[in-house]
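Here are some notes for a colleague who is opening this structure for the first time. Please read them with the view beside you.

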Amino acid sequence: MEFKNIKELYERVYPALLIKKRELKQKGIFVTENEIWIYLSINIFKNKENLTLADIVNEILKLDNIKLQEYLSKKEEF
């Protein structure tokens, strides 16, 4: 499946981002869908090529919560 732009891809995976956000909220981690997306874009997706939609959704759902928290903490320091 091909996407015309990043916005279209983001909208397609948005339900997975919501699921991850809810999971994190249950663990006391308050984050937006966009923060999850930006973290993945910077730290995961930029190093991979030819990702399928399934690969992207999988990366969202298996996201390491501790690494995300560390990223957000460092981001807040600036």
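1. The side chain of Glu-59 makes a polar contact with the side chain of Lys-48, at 2.6 Å. A polar contact is a pair of N or O atoms within 3.5 Å; within protein, one must be able to donate a hydrogen and the other to accept it, and residues adjacent in sequence count only if both atoms are side-chain atoms.

2. The model is predicted: local features need pLDDT of at least 70 and side-chain atom pairs pLDDT 80 or more, while totals for chains, interfaces and linings use all residues. Residues are numbered from 1 along each chain as its sequence is written, and side-chain values use heavy atoms, leaving out hydrogens and water.

3. Glu-59 belongs to helix 3, residues 53-61 (helices are DSSP runs of H or I, at least four residues, numbered from the N terminus). With a relative accessible area of 10%, Glu-59 is buried (under 20% relative accessible area, 1.4 Å probe, protein chains only). Beyond its neighbours within four places in sequence, Glu-59 is in contact with Leu-40, Ile-44, Phe-45 and Lys-48 (contact means heavy atoms within 4.5 Å).

4. Helix 3 also packs with helix 1, at an angle of about 20° and with the axes 9 Å apart (axes are lines fitted to C-alpha atoms over the stretch in contact, and angles run from 0 to 180 degrees between N-to-C directions). The two helices, helix 1 and helix 3, are therefore roughly parallel (angles under 35 degrees). Residues meeting there include Leu-9, Val-13 and Leu-17 in helix 1, and Ile-56 and Ile-60 in helix 3.

Methods
Buried < 20%, exposed > 50% of the residue type's maximum accessible area, 1.4 Å probe, protein only. Parallel < 35°, antiparallel > 145°, perpendicular 65-115°, else oblique.
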